[in-house]
Amino acid sequence: MTSDSAQTLVWDWTIRLFHWLIVLLIPLMWWTGEEGMMDWHRRLGLTMFALVLFRLVWGIVGSWTARFVPMIRRLGALPTYIRGLIARRNGPSFGHSPIGSLAVFALLAALSIQVGTGLFSVDVDGLESGPLAILVSFKTGREIADFHELNFNILVALIALHIIAVAIYRFVLKDDLVRPMVTGRRGDVDAVSTVTVRPVALIASVIIVAASLYAVINAG
């Protein structure tokens, strides 16, 4: 086993915390929605809103492996990377691989749509609504609610693909992607950049999220 001192920090603690909170929140939100526990569904939805918004901001000002620009650049190597995977040639990546970058963008897009539509959704009797539903008509709110349900199915499909891909990496390509998302470290890659959480960037991100959350909660 490689000692921590010999391993490379790949994921900062904010990325790891975001990842596992999303893992926890999605089934909880599904359950509260199915059981009609709309007060809790609303609270969890606002929590999800804060998390997704933080991740979007952190993708601009955060640590190197959290930023979107390096991931966008790696998308250009996607065809070559996929051909390598088919041939079972997999080189560990510092941060997200090309296909991992694509997965990040797809999942964040689905999560953003899910949160965004939830803010404006209206239930069938108009008694339970998102915090921004006051800004749209009842008909529009219902249409958004229908899309909210449709997008959840898309989100679940993307999550299933993600889990399958992680399993393939682990058992076929012999690349454990779960442990680094827990510890933040890998022993088989060289650092491309230093992974650090800059206090100023973190504070600014939290302020943006807190102000946005306050505005949404008090919109009505």
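Predicted model: local features only at pLDDT ≥ 70, side-chain atom pairs only at ≥ 80, totals over all residues.
**A walk through the salt bridges and helices**

Asp146 has a partner: Arg142, with which it forms a salt bridge whose closest N and O atoms are 3.7 Å apart. Both residues sit in helix α6, four residues apart, or about one turn of the helix. Arg142 is partly exposed too, with a relative accessible area of 21%.

Let us move on to the other salt bridges, for the structure holds three. Side chains of opposite charge can pair when their charged atoms come close. The side chains of Arg186 and Asp175 meet in one of these bridges, at 2.7 Å from N to O. This pair links distant parts of the chain, with Arg186 in strand β2 (residues 185-186) and Asp175 in the loop between α6 and α7 (178-183), eleven residues apart. Arg186 is buried at 8% relative accessible area, and Asp175 is buried at 5%. Arg186 also forms a salt bridge with Asp188, the closest N and O atoms being 2.8 Å apart. Asp188 is partly exposed at 44%.

Now back to helix α6, which spans residues 138-171 and packs with α1 at an angle of about 135 degrees, their axes 13 Å apart. The two helices are therefore oblique to each other, and α1 passes α6 in a left-handed crossing.

Helix α1 covers residues 13-34 and includes Trp13, a partly exposed residue with a relative accessible area of 44%. Together with Leu17, Leu21, Leu24 and Leu28, Trp13 makes a nonpolar surface patch of about 440 Å².

Methods
Residues numbered from 1 in each chain as written. Heavy atoms only, no water. Patch = residues over 30% accessible without salt bridge, like charges linked within 9 Å, V, L, I, M, F, W, Y side chains within 5 Å. Areas by Shrake-Rupley, 256 points an atom, 1.4 Å probe, with all protein chains shown as cover. Salt bridge = Lys/Arg side-chain N within 4 Å of Asp/Glu carboxyl O. Buried < 20%, exposed > 50% of the residue type's maximum accessible area, 1.4 Å probe, protein only. Axes fitted to C-alpha atoms, helices over the stretch in contact; angles between N-to-C directions. Parallel < 35°, antiparallel > 145°, perpendicular 65-115°, else oblique. Left-handed = near helix turned anticlockwise from the far one by under 90°.
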